[in-house]
Amino acid sequence: MTNQETIEKLNDALNQLIDAYEVLQLKHQETIEKLEVQTTKNKDLEFKLSDLTNVTDKREDKMDGMLSKIQKLLSSPKTANVLDNSNNYDDNFEDTLSDNILDIKLSGKDHKIEDNTAKIDFGRMESLLNGLNK
């Protein structure tokens, strides 16, 4: 082999290495771009997750507040009698209540409750209690 042939073979080999290196660089650049896109998507998803977590926490706080208010209402001494009687609840509760109101009106006595906090909306209380059982 002559020097000229050796130089040509080395030149061909070097050109193949350079071409392979350029292909690898392109693939590397594509991989970096894909990684950047995925990182951006990941950050967007993390932001959305953070927003959803905040919304969920706010809803949870509202629900806890409502439940604590209901517990306060149910545990107050004024409603203790209602709760004790609710264990003996029958289907004619509303009819009995209506009859009692009618009897009071017919007797001519004016039974006004002075304290607004003593008024109990039995229908609403019943719906709240039934809603908790579901």
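Colleague: How many helices and how many strands does the protein have?

Modeller: Helices (H or I, at least four residues) and strands (E, at least two) are DSSP runs, numbered from the N terminus. Here you get four helices and zero strands, so the order from the N terminus on reads α-α-α-α. Keep in mind that this is a predicted model, where local features need pLDDT of at least 70, side-chain atom pairs count only at pLDDT 80 or more, and totals for chains, interfaces and linings use all residues. Residues are numbered from 1 along each chain as its sequence is written, and side-chain values use heavy atoms, with hydrogens and water left out.

Colleague: What percentage of the residues count as buried?

Modeller: Buried means under 20% relative accessible area, exposed over 50%, and partly exposed in between (1.4 Å probe, protein chains only). Of the 134 residues, 3% count as buried.

Colleague: Where is leucine 128, and how far is it from isoleucine 70 in space?

Modeller: Leucine 128 is in helix H4, residues 122-133. Its relative accessible area is 29%, so it's called partly exposed. Leucine 128 and isoleucine 70 sit 58 residues apart in sequence, yet their C-alpha atoms are 8.3 Å apart in space.

Colleague: And which helix holds glutamate 60?

Modeller: Helix H1, which covers residues 3-75. With a relative accessible area of 45%, glutamate 60 is partly exposed too.
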